[in-house]
Amino acid sequence: CCQDQEAGANKAIIHVLSPLYLDLDSKTHRLIEWERRKFSEPLLFERMMDVSEKFLVSEAEDGEKIDPNVWRISSESGNKVALYCTSFASVMVSILNTMLMLSRDQFNRHKHVLFPALCSLITVQSDEIRRLVREVLAHQVSHLIGIES
């Protein structure tokens, strides 16, 4: 119950902060330039890293005890088992989708925290999360090492 509420609150925070930080619409960008990136950047990345760390700790402790079918669709599994890692799987999906939408410059500025988090997520039980990690590595990290995807 509490974990599901916390997961929902964190997912909402990430959904509010992500568009403020990402440059999704250049027309809107010019109209509402009020230092939104400077405001949202530290809050967004603090929340993303905090959720990632807690998710990884819980997944390491409880992930193997969970029926593999619960992991099949992370975005829908939050209500099935009241563990942090399953409740927050959909939030991790949102975080990884945000990483995919970062500009190259934005990703590059935060690579020192994003890359270790991605490496840690490679071994999680969720196929959906591992697939998104692969996409982030292929689309964001590849250009940092000189491989264009």
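Trainee: Which residue does the side chain of Glu41 meet in a salt bridge?

Mentor: Keep in mind that this is a predicted model. The N to O distance in this pair is 3.5 Å, and the pair links distant parts of the chain, 68 residues apart. Glu41 sits in helix α3 (residues 36-62), with its partner in helix α7 (residues 104-109). That partner is Arg109.

Trainee: Is Glu41 buried or exposed?

Mentor: Go by the cut-off here: buried means under 20% relative accessible area. Glu41 has 19%, so Glu41 is buried.

Trainee: And how does Arg109 count on that scale?

Mentor: Partly exposed covers the range between the buried limit of under 20% and the exposed limit of over 50%. Arg109 comes in at 39% relative accessibility, so Arg109 counts as partly exposed.

Trainee: How many residues apart are Asp50 and Lys54?

Mentor: Their side chains meet in a salt bridge, 3.4 Å from N to O. Both lie in helix α3, and their spacing is about one turn of the helix: four residues.

Trainee: What is the distance between the closest N and O atoms of Glu135 and Arg131?

Mentor: Here both partners lie in helix α9 (residues 127-144), four residues apart. Arg131 is partly exposed, at 40% relative accessible area. The two residues form a salt bridge, and the closest N and O atoms are apart by 2.5 Å.

Trainee: Which residues do salt bridges with shared partners join into one network?

Mentor: The structure holds seven salt bridges. Those that share partners make one network, joining Glu6, Arg47, Asp50 and Lys54.

Note on methods: Residues numbered from 1 in each chain as written. Predicted model: local features only at pLDDT ≥ 70, side-chain atom pairs only at ≥ 80, totals over all residues. Heavy atoms only, no water. Salt bridge = Lys/Arg side-chain N within 4 Å of Asp/Glu carboxyl O. Helix = DSSP H or I, 4+ residues; strand = E, 2+ residues; numbered from the N terminus. Buried < 20%, exposed > 50% of the residue type's maximum accessible area, 1.4 Å probe, protein only.
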